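Student: Could we look at this one together, slowly? I'd like to know what packs against what.

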Amino acid sequence: MDHPHEDHNRVHFPILSSELTAALGAIEDMADNTDAVPDSVVRGRPPAIFRAGGPMLKQFDESTASSRKGSQAPTPPRSVVGIGNKVAKPDYSEAKIVLAMVGLPARGKSYLSNKLMRYLKWLEYDVQVFNVGQLRRSRAHHKAQQSGILEDHTSSYFSHNNVEATKLREQLAEDSLEMLIRWLKRGGNVAIHDATNSTRMRRAKISARVAKEKGMSVIFLESICNDPTVIAANVALKVSSGDPDYKDLPREVAERDFLRRIKEYEAVYETITEPHLSYLRITDVGNEVTLSRINGYLQSRIAFYLMNLHVKPRNIFLSRHGESQFNVEGRIGGDSLLSERGLEYAHALPELVRNNIGDAPLIVWTSTLQRTIQTAGELPYPKLTWKSLDELDAGVCDGMTYEEIEQAYPEDFANRDEDKFNYRYRGGESYRDVVVRLEPVIMELERQENILIFGHQAILRCLYAYFHDLPQADLPYINVPLHTVIKLTPKAYGCDEERYTLPIKAVDTHRPKPGSTVSPPDVVPASTTKREYFGTNA
């Protein structure tokens, strides 16, 4: 069996001679058997062979000297050939959670479901929402196509007194749960059962069914909303956004019917009081949160994220720093100052921001690097500096041009082009590392209202991918041009987007995906907030 120190030595230290390897092996053997360790080692004194001036220490110093040289060496020293490696996806195979929503209609259940799915997918969990309403509409649509029979899904269908419809709705919920469990067995991590699940009997059935599956656990997430303004907005969204239940109905008629549907559910609604259940109760989207029997890392992570959400209207502005001196020279990383055109961008920003934000409060976030701080310098708003917003660390390649990297490290240059999201620079980071580093930023963004972030290309790609739910394969190739402000407006099912490009020239630092004729996404739709009413799980 390999000793745990061996991998550490292979990853972090240069190739050692056979004599030095044997000496390290001897020390590791001593660590495994303290009875065999000489007194000098036990008391903290190294063996003579490794003391100052000893032959092994001298040999070790010589072997590592090349790795301490600057990265401008025309021929890479042996110790840094292979400057990076690909980072494996975390193994989440043991994580199997059923998250069952609970709540009346128009209480934000689907909003919470989709926000949580986007967050966990961004962190590389395999997540899927199983919406019972989508399943109902999809099956009714299929039936209408096959037989021409249109089902009535107005408020009477949701009445507890409608025995036949109640049986159909229970069957839909059970079918959705079975689909969800099959999906988890195929490798999924978190399956969200998006339904009202509003009675103790329904929740007992879900608990009993999940308990039959080894390694699966269930958490109930109850969403309560007492704010009539929010409820009214949710009802208006429901009847005005293309819901097939209200197709061709006047808006006033649709609203009245949906309010009657809510009353039908209210008549039988039972809030969670079962002491044996694991659950979160969120009141008015974060104003009050109750936790019960939340255990383990993933459950706690889910709870913490949901506790930070709110539904207040807000905008998130993203902008790269102004053009830097390194941008002009084609160099990556570093901590250079702005170029003349970058300074011009910084001068023009106050008017652009004022025209879009008006008198609304705004907080400006920057990285700790000079070019973002310079860019934000003339804005009259409170500022916060985040180390987490610093650019992706290029390690030994920091300060080099791509041409220099390709010449000095051709194999690694090719490996990064092959899998840019997972490639990690030696002594640096991968995009996957950056996503992990940005998690606290995402948490704080969800808590805040209007925020303007001055960041870097890789950083803004990661944040942008989170808000637009973009796949990892596309993330490293998102085009975030210089001298452009991206305005994101979070909505219930995604983000609206506007872009403001100032007429100040800048170099183009975007590198399209090798071998691809289309680089996603250069042009972004104005909105990604459309709700899916039929789904794909019929």
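Student: What covers the buried residues of α8?

Tutor: The cover includes β2 (97-102), α7 (163-185), β4 and β5 (217-224), where contact means heavy atoms within 4.5 Å. Helices (H or I, at least four residues) and strands (E, at least two) are DSSP runs, numbered from the N terminus. This is a predicted model, in which local features need pLDDT of at least 70 and side-chain atom pairs count only at pLDDT 80 or more, while totals for chains, interfaces and linings use all residues. Residues are numbered from 1 along each chain as its sequence is written, and side-chain values use heavy atoms, with hydrogens and water left out.

Student: And which residues of α8 are buried?

Tutor: They are Arg-202, Arg-203, Ile-206, Ser-207, Arg-209 and Val-210, buried being under 20% relative accessible area, exposed over 50%, and partly exposed in between (1.4 Å probe, protein chains only). Seen down the axis of α8, these buried residues fall within an arc of 170°, so they line one face of the helix; the arc is that of the directions from the helix axis to the C-beta atoms.

Student: Which residues are exposed on the other side of α8?

Tutor: Met-201 and Ala-211 are exposed there.

Student: Switching to strands, in which sense do β3 and β4 pair?

Tutor: Strand β3 (residues 127-131) and strand β4 (residues 190-194) pair in the parallel sense over five bridges, and pairing requires that DSSP finds at least two bridges between two strands. Gln-128 stands opposite Ala-191 in β4.

Student: Is β3 mostly covered or uncovered?

Tutor: Strand β3 is mostly covered, with four of its five residues buried.
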